[in-house]
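Walk through the model below with me. We start at one side chain, widen to its chain, and end at the places where chains meet.

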Amino acid sequence: MGSPAPVALGDATSARAPATSAASVAVPPRPALPPHLAGVVADESALRRFLYGLPGVDPVGVESRAASLATRSIKKGSKLAALDLAISMVDLTTLEGADTPGKVKSLCAKARRPDPDDPSTPQVAAVCVYPDRVSIAAAELAGTGIGVASVATAFPSGRSSLSIKLADTRLAIESGATEVDMVIDRGAFLAGEYGHVFDEIAAIKAECGETRLKVILETGELATYDNVRRASWLAMLAGADFIKTSTGKVSPAATLPVIHVMLQAVRDWRTATGRQVAVKPAGGIRSAKDAIRFLVAVHEVAGPEWLDPFYFRFGASSLLNDLIMQRRKQLSGHYWGPDYVTVA
Amino acid sequence: MADSTRALARRGSGSGGSVTPGSAAPWEYAPAPESAASGRIKPRYQMFVDGRFVDGRGGDVPTINPATEGELAQVSWASVDDVDDAVRAARRAYNTVWSKMSGLARGKYLFRIARGIAERSRELAVVETLDNGKPIKESRDADIPTAAAHFFYHAGWADKLQHAGFGPHPKALGVAGQVIPWNFPLLMAAWKIAPALAAGNTVVIKPAESTPLSILVLAEIMQDAGLPEGVVNIVTGAGDIGAYLVNHPGIDKVAFTGSTAVGKLIQQSLAGTGKKVTLELGGKAANIVFDDAPIDQAVEGIVNGIFFNQGHVCCAGSRLLVQESVEDEVISKLRDRISTLRLGDPMDKNTDIGAINSAEQLSKITELSAAGDAEGAHRWTSPCPVPDKGFFFPPTVFTDVSQSMRIAREEIFGPVLSVLTFRTPDEAVAKANNTPYGLSAGVWTEKGSRILGMAGALRAGVVWANTFNRFDPTAAFGGYKESGFGREGGRSGLAAYLDTDSDTADEGAA
Amino acid sequence: MAQRRTSTAAKDAATAAPTKAAPATATSANRGDKAGATARTASRRTASRRVSADAGGGANGVISAVPVLKTYKLYIGGKFPRSESGRTYPVRGSSGEFLANAAQASRKDARDAVVAARKAFGGWSGATAYNRGQVIYRIAEMLQGRRAQFVELLMTAEGYGAKAAAAAVDASIDRLVHYAGWTDKLAQVFGSSNPVAGPFFSFSTPEPTGVVAAFAPQDDSLLGLVSVIAPIITSGNAAVVVTSEARPLPAVTLAEVLATSDLPGGVVNILTGSAAELGTHLATHADINALDLTGVDGQLRIALARDAAGTVKRVYTPHGTPDFTKTSGTARLRAFLETKTVWHPTGAISLAGGSSY
């Protein structure tokens, strides 16, 4: 695609048209693709051919590499640096039906001061909530620099109409979300309706405008590494600012080999387009040790340029406290117990 | 570094960093050295003959740590008289104890040794890394566990030899003379000793002159396991001792792993003696990447294939054959990946590439690489820092290599990859097989029929498809053509230590 | 010899029915055979020489029985060339009588044979085991069809009695049948799937080593020869065989059997001549992968084994003197096999299975 105009793929375009017209006036829905990639989104079959033309992923190979890299021994200063970095990358998350205003406020307080006993502890990157809780979080976090991320698009299943997904997105943004975490239509993806998935992401991106869009692939439902790679590229072609593993509601969620595949995808994407897309594993990362393994993967697979809260996040809730306990251990020299760190 | 990262991390989040890029900072791994003390290196090591540690009559020679060039320990070397003693001890042990023992009992000793290696694995890993220069993560995760696995696997064969396919009453050969190289000192000792003992032979083995320590720790383990005296004898020394051992009239079987040049000399000198010989020699493996390969895993496989153990691997994938249509992509990704390899202190747990084993080997690698320059290949070297002391050679990739260049034909035995291209599968096969060697090969493609077709067409003893450098005691390993003959591992590996040459069915061979 | 015929068509002459008129010869009588019972090629030959000599003196009606004699040549690449050197040497029977001239293969003939063998190796080793088995069985069939001829030949060439000659031919047929049944068992008996400790499927399979130069036994000119050739080609190797120097005739006649038995040209190449002369050229030839030194001994055997080291050839040397009348073991089969181990990842088919590591 040589022009910045959005590509019309299938029927989804017409479904999107009325909803996006307002947004697309204000901002270009997504940046133009470089000429060599423009053609791949020209129509459904071109997109399919492109995705099927991506190199395959050998599962044992990627898992072996992930396991091998997980043996990196991160000690002393480099460990402390990693812990601080990891804390600053946390999207502190609550996504429960039982989320009350009080719970969200408590989470925001934790986000501002993860370790009240040590003010040098970095703040987290963002707080992540459902759209109807965004306004509370936005008020709590105003002026802190901490982002407000909201899941949207009929999270977690994504099983609704585009117009409802757009409305969901609009609600989040209008309530003050600085980042939107959408889910892709895995049913459509697994049915091979890549154009549909593409259009939906493009439409939500158009709705988001300048608000950064995280595209949740729900890798546990995509079932294969090949699909993870294809979905990563599909999301980036459609304008994703982030590719994110999981909703946290499906197992397996964020595993090291899956993140390897996604990190490789964003690196390849940057080589192909010059643009750097961020990555967010979410779900299942509970210990500081796990988080550091992810950072090592970021460092050595994508590259040090991604060691930045702008380009890498952890979607997590309980992880933060383990990071804090390990941070204290590094500073004090002894181990800490959970009663000494605050719960959100 | 560390502090600056922290500062940047704080700045990143504290000042709205979540919505602005640019707070990335270098993150360097702090040194994570394994403790040298756990190697319990002694100031002096003796040879192991007839169940005892004894002084050799060849004088004391230091063994050095190639990463520091500093002396690690003194090692008492054997003279030819000591080899005579060792062969006599092995013969006596064979005649009086080992050949009379039940297979089950022999197996139990091997099981004990396997356990002993596992129990002292950390110590052995440290000894291996200090003496050899290989990264601790490799000695810890590959060499030592695989050595234990070899004893464990072969232990189980000792009382089941009649099921190995060589007749109902397979007989041992007698005394085996074995010479092993410096690239996997303990693992090669296990590859040699375990099947020999399982099949009922006794052993005189000579480790490489530059890496004698781990096998002498293994001797302690065998002693602690109560292995009868003389069943395994270890003589230390250089090539002259090895030559004396393999030509010794008192041995029945020779097993050698090392260079093709020395292998030829051994085969020549043993011609007509009736001694059974197995040779595991050099290689110049092709690692073939097709355009439909899983590229990222292929890049990993290429890296693992040539940089594992600093490329000191006879089956190293030292010739990359990449399909022209993906050459640029593969080379670009390969260079990026190689740039992340961490070269340096082998004892650091994060080191990917350690030290070259000896000054001699380093100069050989340097010389062959210079030949690559001289013959017009294009050299690329990883930007990784190289330590001032010790024998190090940075990961190197030659492109624009043609089949006729020395770097495409000769075994470099170092971290140097030669890249050639091909257009069609037939051309890939022709180039891959166009070498006197035939030890191993790699194939990368997602097309199943092509994998199996290529596996059949490649004249090599091991073909790794969509993986590389995998070893297992159950899987036979060994070469075609000038890469040697005989196999190690698996059922066919046992044949090397059994009398299987009877011509007729009623003489024992099935 | 004026009466020698040079046509290659002569190779089929031997399949003709035994000459009715041939009387028992002095040669066979000396061996104490019941020679008169069956007419034999050899006696026919001896008789025919006499007859044709007579024919030179004065013609009458009997002369029409002058048989066509066979020219013994080499067997290379499925063809029957003379030695490029033009050399021949006389082959004599056990009593010293002249039997025929055999081609004396040269270094260049050996070279041509290696080229032919290498060329044939790809197709033969790539043929299915079933196909190779059928071809080797076909050799047995063709040998069976010429049983009488070979019995004759052994009696003349080896000095065997009729019983011993018949036993040797029958054993040779049986040997071929035995190996015909091995082709599709080798991979099952000597191959394996390897239970490696990791997410990989690993299997080891036997493969032919390539081109094998074999020195056939100096005596036992048929059974020994068949016992050497059969295990080499069973697994898919191609062979260059140097026959017994003194008793090359059964080998050349066996070549006729091979040529008419669906065995692709070049899979077996037969050189008559001197092992001492040809040996070192073959043992040092870089395109030969293995040697079978059964038919050479003493210093020559050692010298050839030493030469073989130059290119790390596999060398098979039997323990002691082989007894080919006994059932074969597998040592000869295994001597010319490589084991190839192939690895491929297996492991989880989907992310739901968790990491294989």
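A polar contact is a pair of N or O atoms within 3.5 Å; within protein, one must be able to donate a hydrogen and the other to accept it, and residues adjacent in sequence count only if both atoms are side-chain atoms. This is a predicted model, so local features need pLDDT of at least 70 and side-chain atom pairs pLDDT 80 or more, while totals for chains, interfaces and linings use all residues. Residues are numbered from 1 along each chain as its sequence is written, chains are lettered from A and ligands numbered from 1 in the order in which they are written, and side-chain values use heavy atoms, with hydrogens and water left out.

Begin at C:Thr294. Its side chain makes a polar contact with the side chain of C:Arg332, at 2.8 Å. C:Thr294 sits in the loop between strand S8 (290–292) and helix H11 (298–308) of chain C. Helices (H or I, at least four residues) and strands (E, at least two) are DSSP runs, numbered from the N terminus. Is C:Thr294 buried or exposed? It counts as buried, because its relative accessibility is 10%. Buried means under 20% relative accessible area, exposed over 50%, and partly exposed in between (1.4 Å probe, protein chains only). Contact means heavy atoms within 4.5 Å. Now take C:Leu186, in helix H7 (residues 186–190) of chain C. At 4% relative accessibility, C:Leu186 is buried too. Its contacts, again without residues up to four places away in sequence, include C:Pro206, C:Thr234 and C:Leu337. C:Pro90 lies 96 residues from C:Leu186 in sequence and 41 Å from it in space, C-alpha to C-alpha.

Step back to the whole of chain C. It has 12 helices and 10 strands. Of its 357 residues, 55% count as buried. Among contacts in chain C with a separation of 6 or more, 75% join residues 24 or more positions apart.

Next, the interface with chain A. Chain A brings 13 residues to the contact and chain C brings 14. Together they bury about 910 Å², 70% of it on carbon and sulfur atoms. Buried area is the accessible area (1.4 Å probe) that two parts lose on being put together, summed over both. A:Val60, A:Glu63 and A:Ala223 supply 50% of the area that chain A buries against chain C. Helix H4 (59–69) of chain A gives the most to that side, with 5 residues. The interface holds 1 residue pair in polar contact and 0 salt bridges. A salt bridge is a side-chain nitrogen of Lys or Arg within 4 Å of a carboxyl oxygen of Asp or Glu.

Where do salt bridges occur? Over all chains, the count comes to 69. One of them pairs A:Arg229 with B:Asp296, with the closest N and O atoms 2.2 Å apart. A:Arg229 lies in helix H12 of chain A and B:Asp296 in helix H10 (residues 295–307) of chain B, so this pair joins two chains. Both residues are buried.

Other pairs stay within a chain. B:Arg337 and B:Glu300 meet at 2.6 Å, N to O. B:Arg337 and B:Glu300 are buried. In chain A, A:Arg270 and A:Glu305 form a salt bridge at 3.3 Å, N to O. A:Arg270 is partly exposed at 22% relative accessibility, and A:Glu305 is partly exposed at 33%.
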